[in-house]
Structures are given as C-alpha cells and as structure tokens.
Amino acid sequence: MSLLVKETQQELRRRIIDALGRAVANGQLPAEPIPDFNIEKPSNSANGDFSANVALAGARAFKMAPRAIAQAVVDNFDLQGSLFERVEIAGPGFLNFYLSQQYYSEIIKDVFAKGADYGKSDFGKGKSVIVEFVSANPTGPMHIGNARGGAIGDCLASVLEWAGYDVAREFYVNDAGNQIEKFGISLEARYLQLYKDGVELPEDAYHGADITEHAKAFAEQFGDKYVDCSSDERKKALVDFALPKNIAGLERDLLSYRIKYDNWFKESTLHNNGAVDEIIEKFKALGVTYEQDGALWFKASEFGNDKDVVLIRANGIPTYIVPDIAYHYNKLETRGFTKAVDVLGADHHGYVPRMKAALKALGIDDNRLDCVIMQMVRLVRNGETIKLSKRSGKAITLTTLLEEVPIDAARFFFNLREPNSHFDFDLDLAVQENSQNPVYYVQYAHARICSILKKAQAEGVTLRTPTDAELNMLTSPEEQELVRHLSILTDEIVAAAKAYDPAKITHFVIELATLFHKFYNAQRVMVDDEGLMQARLSLCVAVRDTIKNVLTMMKVDAPESM
C-alpha cells in the first residue's frame with residue numbers, strides 16, 4: 001500500500017488500541033489482554049473506508065457481546081487530529097471508519113509528491129527475482145501463445161520491479177536436444193530437395209515455410225557443397241547457418257514488441273561447461289537414483305512427484321529434464337537469485353512438480369521456484385475462431401499479429417485476463433478506435449485530460465498547487481470515488497506481484513478511466529470558483545499522471561492527443 005494509506009491504517013490501529021485502553025480504565029471493559037484484530041478496506045465504500053473486527057475478536061476475552069464492546073470503542077475513540085471524521089457500528093459488531101475530506105486531499109498531494117514513482121513500494125525489499133518467459137523454440141517463428149507469454153512475462157517483471165524487487169528478464173534458448181536434431185533433419189530434407197528428386201520430408205519434421213527459406217539461403221551461399229558429404233556434417237552446417245539467424249530473429253521480433261531481455265541463456269552452455277553431467281553426479285551422490293531397463297531413474301516420487309522420472313535413457317542420452325534441472329540450479333544456486341519465476345504454457349502442468357521434486361532432492365527450497373501456467377489463446381475475427389496450423393506453415397506468428405494489431409493493443413489485450421484463463425483475442429476489437437476497445441478507452445482518458453489542461457492554459461488559466469482548503473472542496477461522490485481509486489494503486493501493484501497476475505493492473509487502469517469519464521460527465525472542471533477550478537484541474541493532473549504511470553509500467557503509450 002502507499003505510504004499514506006499504510007500510515008493511516010497504522011494510525012487507526014493505534015487509536016483503536018488507545019480507545020480500548022481508555023474503556024478498560026473507566027470500567028467499560030474488563031482488564032484483559034487486547035485481542036488480535038484485523039483492519040480491512042470494505043469492498044463497498046458505503047461500509048466505510050476501513051473496517052475493524054476488534055469487537056468480534058474480543059468477545060471471548062472480554063466475555064461481552066460484540067456490539068457492547070464496539071460501543072465502548074466508539075465512546076472512547078478520539079477523532080481529534082486524525083484523518084477520520086466518524087466511526088459507526090454495523091451488523092453484529094463491526095466498526096466502520098469514515099475518512100475525512102483532508103484524507104482525500106492528502107492522496108492528491110501524495111500523487112504529486114511521488115510523480116513518476118507513484119505506485120512504487122519497497123514491498124519486495126530488493127530481493128532478486130529472475131523472470132524467464134517466452135523461451136520459444138528457436139527452430140521456428142514465435143506463435144500466438146508466445147505473444148501472450150511475452151506480454152504477460154514482461155508486464156509481470158515490471159509489476160515486480162514496481163513492487164520493490166530486483167528483477168532480471170531472461171530468455172532460455174533451447175539450442176540443444178531433440179528439437180535441434182529435428183531442425184537439422186528438416187533443413188537437410190529441404191536442402192537436398194533442391195538438388196535431388198524423391199527426397200521426402202519426414203512426417204514429424206518441421207513443415208513451416210521458414211525451413212524452406214533457410215535451405216534456399218544456405219544453397220545460395222554454399223551451392224551443392226554439402227550434397228554428397230555425410231548426413232551429420234550436412235545437418236551441422238545447416239543448423240550452424242540457420243539457428244543463429246533464428247535466434248537473432250527472435251531477439252529482433254521481441255524488441256519490436258518492446259521486450260528487452262537482460263540475458264539470453266543458451267542451453268548448450270550447460271552441456272559444454274559440464275553442468276548437465278554434474279547434475280547427474282549430484283543425484284547419484286545423493287542416492288536418489290536407480291537403474292532399470294538400462295536407464296537411469298530419479299526417485300521423484302519420494303519428493304512429491306506422482307511418479308519417478310527417467311534422467312538418462314538406455315541409449316545413454318539424457319532426457320530434456322536434466323538440462324532444465326541444471327538450468328534452474330544455475331539460476332537459484334550458481335547465480336543466487338532469491339526467486340525464479342517461469343511463465344509456462346498450458347502443457348507444463350506436469351513439468352512443475354517434476355522440477356520442484358528435483359530441487360528438493362538437491363536440497364533447494366522448492367518454494368524458490370514459482371511457475372505461472374498460461375492458458376491457450378484463440379484468435380477471433382468476425383466472431384469466428386481462426387484455425388491455426390503449425391504443420392502447414394500458416395500459423396499466425398507474433399510478427400504477423402503485430403502487422404495487423406497495434407503493439408499497444410496486443411500488450412494490453414493479452415493482460416486483460418489472468419494468465420491461467422483461456423483468452424479470446426478479438427482482432428476486430430483490437431483495431432477499433434472507440435470506447436469498446438479497452439486500450440483505446442484508457443488512452444482516450446489520458447488524451448482527454450491533456451486536452452482539458454491545454455484548453456485551460458489557452459484560456460489564460462495558470463495551473464498552480466491548490467491549498468488544502470481548495471482541495472477539500474472536492475466533495476462530490478464522483479470526485480471522492482475517483483480519489484479513493486487513486487489511493488489503491490500501490491496495493492493493487494503489490495497484489496499483482498503476490499498473485500503473479502498483471503491483469504490486476506490492467507483492471508485498475510480501466511476502472512480509473514471509467515471513474516474519470518464519470519467525473520468529467522458529472523462535474524464541470526472550468527467553473528467560476530477559481531479555488532474549486534484549481535482543485536479539479538489538480539485532480540485531472542493526478543489522474544493523468546497515474547494513468548501514464550500504469551501504461552508506462554505496461555510499456556503501452558500514453559498519447560496526449562487522439
């Protein structure tokens with residue numbers, strides 16, 4: 001929560017405890033230890049700005065009816081010098097506290113004081129977090145699921161930064177293993193087809209048009225040099241030619257999507273520096289492996305997984321899980337991040353318990369690994385789902401999506417729902433320039449405020465810092481509702497960080513835009529009363545700056561005109 005909200009809540013707790021002390025001193029309550037109680041913000045503002053359950057929590061200790069305890073607190077509660085104007089008893093004994101007008105003025109002043117940092121907190125205490133996301137297979141272009149993963153992962157990293165964590169963004173490049181072998185086979189077939197008849201592309205190979213393009217580019221550079229050499233030499237030459245181009249393409253496409261990674265970590269480094277072999281030796285030394293049918297197994301069922309896991313196949317080749325274990329060991333132990341957060345696709349539900357079991361076996365607290373499971377995306381046009389086919393090479397990629405949909409819309413839309421929910425991406429809605437389009441709706445609120453301020457200046461109004469008395473004139477329900485929403489930004493960012501759900505921030509800024517439009521339609525800003533006008537202009541500035549802060553965090557533009 002913001003410092004002001006936090007201090008107000010702490011002050012309320014102190015004053016409740018003081019009221020209980022006075023009630024004991026004057027004999028209204030028995031001399032018993034003060035019970036632990038909660039202070040919360042009611043979802044309905046009609047029930048106050050803060051609510052405390054102290055009377056219900058103290059019923060057993062004081063051996064009294066909760067409403068009688070509540071009345072004793074009310075009788076002895078000191079409002080003098082506080083930001084509260086009244087307290088009421090509700091239901092079986094809840095205490096509802098209502099903030100004074102001065103509190104709302106302090107919120108606006110707090111927004112101005114924090115400026116571009118409004119919303120930030122030290123909740124994370126600078127703990128180091130590595131967020132790994134997208135990590136698309138480098139054997140082909142990024143698909144629509146990667147587009148969602150990119151928007152979610154990057155915004156999540158920003159949310160964690162604003163919540164006070166030291167964040168690193170990382171892309172894990174799977175440049176080793178089965179997919180690279182398949183990549184080589186696919187390239188080889190397409191290359192040989194340029195020079196020989198009857199060469200078939202295996203059914204389980206990559207059929208995308210990008211494979212053919214790589215093979216043609218390779219042939220343009222090397223001709224038939226590799227036609228008659230060994231298959232292994234040919235495949236290695238093709239992979240060494242095409243893979244770096246693909247990785248560079250991934251980096252280029254993600255930069256165009258406003259995603260810049262702190263590190264691109266290659267799986268091959270784990271094989272080359274012996275880290276994969278070291279993991280196997282660690283497991284053996286810990287006595288958590290056994291051999292069966294010529295394969296080496298990990299006793300994963302002893303560490304929370306539903307079954308044991310093969311580490312090395314009978315043919316001596318490690319399974320994909322081994323380098324992944326080495327990678328997570330590298331993140332948490334070698335590099336020492338406090339927490340690793342993986343944004344994974346919907347097909348990784350079984351992967352998570354396997355990885356956590358491996359970490360437990362290695363003596364690492366598996367709670368240091370958190371995984372965000374992201375559900376599938378459906379592209380919708382004209383109300384119908386667009387069928388995708390990676391096999392035919394006609395799938396909509398990140399690049400083709402951004403050719404059709406503005407980057408702002410793509411990043412915003414993919415964060416409209418929590419990651420673990422299925423999402424229909426409406427291509428028609430994403431390009432509309434009206435209030436039905438949520439990103440346009442929010443950006444329009446920002447642009448509208450900029451227009452209001454420009455018009456005021458054009459009419460000779462000089463914006464200045466209003467006095468407390470002037471800010472205290474913002475008493476309409478629309479004004480108070482708007483300021484109350486401004487006050488929860490820090491709380492919402494922390495909640496989003498805790499839940500690994502950037503959609504909470506998207507919802508916050510949509511609601512902020514809604515409340516601003518509601519205020520603007522109900523209250524004139526340019527009124528004759530100069531003090532009230534300055535207060536309302538200041539409220540507009542506070543809303544504008546807060547919208548910009550949120551959109552900046554999401555790497556979405558905040559235009560001044562539309």
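Reader: How do the axes of helix H6 and helix H20 cross?

Author: The axes of H6 (residues 144-162) and H20 (residues 489-499) come within 9 Å, crossing at roughly 125°. Helices here are DSSP runs of H or I, at least four residues, numbered from the N terminus; axes are lines fitted to C-alpha atoms over the stretch in contact, with angles from 0 to 180 degrees between N-to-C directions. This is a predicted model, where local features need pLDDT of at least 70, side-chain atom pairs count only at 80 or more, and totals for chains, interfaces and linings use all residues. Residues are numbered from 1 along each chain as its sequence is written, and side-chain values use heavy atoms, without hydrogens and water.

Reader: Thanks! Which residues of H6 and H20 meet?

Author: From H6, Val159, Leu160 and Trp162 meet Ile493, Ala496 and Ala497 of H20 (heavy atoms within 4.5 Å).

Reader: Switching over, how do H17 and H21 cross?

Author: H17 (residues 438-458) and H21 (residues 503-522) have axes that come within 9 Å and cross at roughly 45°.

Reader: New topic: which residues in H4 are buried?

Author: In H4 (residues 66-76), Ile69, Ala70, Ala72, Val73 and Asn76 are buried (under 20% relative accessible area, 1.4 Å probe, protein chains only). Down the axis of H4 these buried residues fall within an arc of 155°, so they line one face of the helix; the arc is that of directions from the helix axis to the C-beta atoms.

Definitions and conventions. Helix = DSSP H or I, 4+ residues; strand = E, 2+ residues; numbered from the N terminus. Buried < 20%, exposed > 50% of the residue type's maximum accessible area, 1.4 Å probe, protein only.
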